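Let's walk through a structure together, one feature at a time.

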Amino acid sequence: MDIQHAVAQPTVIHRADYRPPAWSVPDVALAFDLDAAATRVRAALSVVRNGAGDLRLDHEGPPPLSVAVDGVAADWRMEDGQLVIALPGDAHLVETEVEIAPDRNTQLMGLYASKGILCTQCEAEGFRRITPFPDRPDVLSRYRVRMTADKARYPVLLANGDPVGAGELDDGRHWAEWHDPFPKPCYLFALVAGDLRVNADTFTTGSGREVTLGIWVRAADLPRTAHALDALKLAMAWDERVYGREYDLDVFNIVAVDDFNFGAMENKGLNIFNSRYVLADPDTATDVDYDGVAAVVAHEYFHNWSGNRVTCRDWFQLSLKEGFTVYRDQGFSADQGSAAVKRIEDVRTLRAAQFSEDAGPLAHPVRPDAYQEISNFYTATIYNKGAELVRMMATIVGPVAFRAATDLYFDRFDGTAATCEDFVACMEEASGCDLARFRRWYGQAGTPRVSASIDHEAGSGRATLRLAQHVPATPGQPDKQPMVLPLRLRLFGAATGRPLTDERLVILDDATDTLVFDGVGERPVLSINRGFSAPVIVESDRDAADLAFLSAHDDDPFARYEAMQQLMLDTLVAAVVEGRAEHDAVLAAVATTLDAAGLDRTFVAEAVLLPSDAFVGDQLARVDPDAVFAAREALHRDLGVRLAARWRAAYAERPAVPYAYTPAEKGKRRLRNAALAYLAASGAPDAASLAFGQFEAADNMTDRLAALQTLISLDADEGEAALDIFYNRYAGDPLVIDKWFQAQALSPRADTTDRVTELARHPDFAPANPNRARSLLGAFGVNQRAFHRADGAGYRFLADQLIGLDKLNPQTAARLLPPFGRWRRFDETRGAMMRAELERIIAVPGVSKDLFEQASKSLN
Ligand code: 0A1
Ligand code: ZN
């Protein structure tokens, strides 16, 4: 092993090593003398002994300016990133002072500057970059925060909790003090200082408490805050109605900043958001963006109970708050429009992000056993699979017991740091269900595969359903036990189209099971995993005719969508593997769906969408990206040509002007834009002019961006013109310019790799901004055709970019690495090139532990 590797080999943290803290910190007083270049932070910690040992304060940054115990300068030493103080008694006052430089903080963890606004991000381990502290979620403290700052630059000073005082100082500075009465871990600490405007409102809780709400943004962004504010009020009412949870402080503030590593952060009473999840108006945000704003506003708000009032004991329990909160925000969004379409969208996300993770070298359980860098564990497995676990428990115990269990959980663990086990135990206690085997879902990684086959004896009218499950091996887990799978299923008659049974909930908790149905007079077709009741891959013996039948007749909208998707996937896989392009079954099924009266337009638009290249790739043992691309293009074209009249009819359904964000109008836009894409794929001579006309006439971003995407997928002059017009129209609007980069990085054109390489040299490509980095590099990584270009140019490009970005923002660089982990699924030549890039990344001197962990694990 060379010296670089030896240096980079980081410490591994194990769940089994958890020990309660030796010291608790019931009260904290912080004083910030704020300045972008040099901020002074004075901290006074009242500490109380909990067990044997020195006081250990996590500390990342230059040595402290002073350390005192009970008012007297004290001895201290640094040990493995911790400031260690030997304390003689059982209770002391520990005071420290440090100086930090927010404007040099490119990692965006701790206190940093975003376009002149000072803000914080502490989850998971950012607080130690602000002040020495036991930076672990099981140390809960009450915070008092005093901020002093230049009044002209930072007229607004916000922190957690409620404001308790403010005043002027003589030197152009002013101060404000905030107090948060709820004990919280330091990862929920936040402050903001900046020149901000507020969109304010009030919300009266069920018990009559009036809460002042504020959405704080820069002055120019104020007109784009109405949707977020509406969503917040809806979320507050929903949490009262559905979970009986009220808000608990007098103020609730949201601040939008342009530079942010994730989507948003649930700091107590002071949520800090990536501006892309706050700002929306019809001219700059798509329907999907509007949905995203409402979902993230709700998600962060819901954390006030699932995360803040009840927090996590350690970071291995992250899914306790994240999986549950995603489940809650999914329920909220489902209630705002079509629940069926919301489920389809959530499953698509799960499959794209989580199933692929579970099938690759970065697979890990929902409750991991070990990590090197916790930031790498904010994954689709923790969030989205974690939400599926909660959903399955809700299905198993039923809605009444589920609500009783969440009440019990909130009640019992309020003000404490809990574990996933605590949550499951509440589910058991409130329902009386035995969830012993269900717990395997928390410990075993990998997506279970369920095979289902049905035999029918026409004479006796008996149908026999055979189910079997298999959980594939994942890194470090070669052998798995059977999981508990709640499968909602129903039989339909192939001849009459009628349901033959009621819907049943079957809990498959052994490796195999057999179910017998009597009185089945005609050949049954199986509808299984309805509503996607378990996050599994179903392998059934249903042929194209059965799937087409279900896509037309199933009464469960998810199952109906699923049948169409499976039919499309089977068709594409057959085309790639056997080179046979038999499109007739898909064609007929799509035609039937388009013709069906009374179907929700959004549902139709979802159902007729072809699976992505990457998802088709995930079905193949060996991915030939060019063959997948060609097969999908051929099907797209064929559907476009042969159903042209239907696409024209769908395209003729005009959306309302002006733009309205309603489920019906969203559906119309989505279907119309899908139709436009099919017309373009068909090679229709007027497609480019139709798209360009839409691009120019659109009064909203949904239609404008869809037209732009269609145009750039065509090799037409209009595409270049539209890109220029779009860029010039929105120059200086970062969220829209992100879309401009992203649309080009997602383009199916053959020259995309070259174009993206060129775009990385564009003056607006500043990867220090995480949104911008993701818009180009993140989109490029999931563009299977472009990233996997045969000559390896895509691999080289992305690796170069990640190596550069790692020096500024390791978290963001590490999150863009996973596309390299798919190397096993490609041919020898591509696989070798991908591995070589991973080797190159881990050999970079000074590579971060974030990127090192992801790259080294991806080599396995
Ligand atoms: N708890 C947040 C996610 C989050 C995690 C880390 C962050 O900074 C690096 C920021 C946000 C959520 O679930 O929304
Ligand atoms: Zn969250």
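A: Before we start, one idea: two strands count as paired if DSSP finds at least two bridges between them. Keep in mind, too, that this is a predicted model.

Q: How many residues lie between strand 25 and strand 26 in their hairpin?

A: Four residues sit between them. Look at Gly 461 in that turn: its phi is positive, at about 70°.

Q: What is the strand order in the open sheet of four strands?

A: Read across it and you get 29-26-25-31, with mixed pairing. At the edges you'll find strand 29 (512-517) and strand 31 (537-540), each pairing on one side only. From one strand to the next, the twist averages 20°.

Q: What about the open sheet of eight strands, in which order do they come?

A: The order is 6-5-9-3-2-12-15-14, and the pairing is mixed here as well. Strand 6 (72-73) and strand 14 (162-168) each have a single partner strand, so one side of each has no neighbour in the sheet.

Q: Which way do strand 14 and strand 15 run relative to each other, parallel or antiparallel?

A: Antiparallel, with six bridges between strand 14 and strand 15 (residues 173-184). To spot the pair in the model, find Glu 168, which stands opposite His 174 in strand 15.

Q: Let's turn to helices. How do I read the packing of helix 25 and helix 27?

A: Start with the angle between the axes, then look at the distance. Helix 25 (residues 793-808) and helix 27 (residues 828-842) pack at an angle of about 15°, and their axes are 10 Å apart. Because of that angle, helix 25 is roughly parallel to helix 27. Their crossing is right-handed.

Q: And at what angle do helix 18 and helix 19 pack?

A: About 150°, for helix 18 (residues 687-697) and helix 19 (residues 701-713), with axes 8 Å apart. Angles over 145 degrees count as roughly antiparallel, so helix 18 is roughly antiparallel to helix 19. This time the crossing is left-handed.

Q: Which residues are closest to ligand 1?

A: Those are Gln 121, Glu 123, Asn 261, Phe 262 and Met 265, from a total of 13 residues that surround ligand 1. Strand 20 (264-265) and helix 3 (287-302) each supply at least two residues of this shell.

Q: Last one: which domains does the domain assignment give?

A: It gives domain 1 (14-195), domain 2 (310-443), domain 3 (449-541) and domain 4 (731-860). If you want a distance to look for, the C-alpha centres of domain 1 and domain 4 lie 35 Å apart.

Methods:
Residues numbered from 1 in each chain as written. Chains lettered and ligands numbered in written order. Predicted model: local features only at pLDDT ≥ 70, side-chain atom pairs only at ≥ 80, totals over all residues. Near = placed C-beta within 6 Å. Domains from an automatic or database assignment. Axes fitted to C-alpha atoms, helices over the stretch in contact; angles between N-to-C directions. Parallel < 35°, antiparallel > 145°, perpendicular 65-115°, else oblique. Left-handed = near helix turned anticlockwise from the far one by under 90°.
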